[in-house]
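The sequence and structure are shown first, and the description follows.

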Amino acid sequence: MQHPITAETNVAGTNPYIDIPQAPKPTSPYTLILRMDGNEHTLTVDPSQIPYGRSGQPGSILDICEGYDLALEHTCGGVCACATCHVIVRDGLSTCNEATDDELDQLEEAPGIALSSRLGCQCVPNGSSKVVIVEVPGWNRNAVKETPH
Ligand code: FES
């Protein structure tokens, strides 16, 4: 039996062991400011473009990064199984979906966790704040790639 392709199912992969987060999508454009690699990227998030890519929850920080060709690490493909997409939400956290227990469990694996830490693949701002500010911790970048095998 074929399953219909929807915004929720048109992702690079799914993780059958986690609960899919309940994440209201934005209904009007908002600005996402992404601080990464010493640069600040100001992104306009257009609800009509969601999902931007195929990784992470539709409308998530990771999804938006894919749409803007910004390389946020996502070793597990955005299915809440690695924590390499760790971000810190500096402003607008209250407008993001609540982290699931599965997300919180994965976050415990991330170095330098903060009170406003989230997984970029699971964190979906609802757009009710006109500006959301997110920081990608420097030590999070390429952490997996630099680990000797
Ligand atoms: S990409 Fe693996 S947990 Fe987000």
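Two strands are taken to pair if DSSP finds at least two bridges between them. The model described here is a predicted one.

**Overall composition**

The protein comprises 2 helices and 5 strands. Along the sequence these elements follow the pattern β-β-α-β-α-β-β. Of its 149 residues, 46% are buried. Among contacts between residues at least 6 apart in sequence, 70% join residues at least 24 apart.

**The sheet**

In general, the strands of a sheet pair through backbone hydrogen bonds, in either a parallel or an antiparallel manner. Here, 5 strands form an open sheet in the order S2-S1-S5-S3-S4, and the pairing is mixed. Strand S2 (39–45) and strand S4 (117–119) stand at the edges with a single partner strand each, so one side of each has no neighbour in the sheet. From one strand to the next, the twist averages 30 degrees.

| Strand pair | Sense | Bridges |
|---|---|---|
| S1 (residues 30–36) and S2 | antiparallel | 7 bridges |
| S3 (residues 86–91) and S4 | antiparallel | 3 bridges |
| S3 and S5 (residues 131–135) | antiparallel | 3 bridges |

The bridge partner of Ile33 is Thr42 in S2. Ile88 has Ser117 in S4 as its bridge partner.

**The nonpolar core**

The largest nonpolar core contains 29 residues, and those with the most contacts inside it are Leu32, Leu34, Ile61, Leu72 and Val134. S1, S2, H1, S3 and S5 are the elements that give two or more residues to this core.

Which residues does Leu34 touch, not counting those up to four places away in sequence? They are Asn39, Glu40, His41, Ile61, Cys65, Leu70, Val134 and Val136. Two of these contacts, Ile61 and Val134, are themselves listed among the core residues with the most contacts.

**The aromatic pair**

The structure holds 1 aromatic pair. It is formed by Tyr52 and Tyr68, whose rings lie 6.1 Å apart from centre to centre, with 40 degrees between their planes, and it is classed as tilted. Tyr52 belongs to the loop between S2 and helix H1 (61–67), while Tyr68 belongs to the loop between H1 and S3; the pair therefore ties together parts that are 16 residues apart in sequence. Tyr68 counts as partly exposed because its relative accessibility is 34%, which falls between the 20% limit for buried residues and the 50% limit for exposed ones.

**Backbone features in the loops**

The peptide bond from Ile50 to Pro51 is cis, with omega near 0 degrees. Pro51 is located in the loop between S2 and H1.

Asp37, although not a glycine, has a positive phi of about 55 degrees. The position of Asp37 is in the loop between S1 and S2. Asp69 also has a positive phi, near 60 degrees, in a residue other than glycine. Asp69 occurs in the loop between H1 and S3.

Is Asp69 buried or exposed? With a relative accessibility of 73%, Asp69 counts as exposed.

Technical notes: Residues numbered from 1 in each chain as written. Predicted model: local features only at pLDDT ≥ 70, side-chain atom pairs only at ≥ 80, totals over all residues. Heavy atoms only, no water. Helix = DSSP H or I, 4+ residues; strand = E, 2+ residues; numbered from the N terminus. Axes fitted to C-alpha atoms, helices over the stretch in contact; angles between N-to-C directions. Phe/Tyr/Trp six-rings, centres within 6.5 Å; stacked < 30°, edge-to-face > 60°. Buried < 20%, exposed > 50% of the residue type's maximum accessible area, 1.4 Å probe, protein only. Core = buried A, V, L, I, M, F, W, Y, C linked by side-chain atoms within 4.5 Å. Contact = heavy atoms within 4.5 Å.
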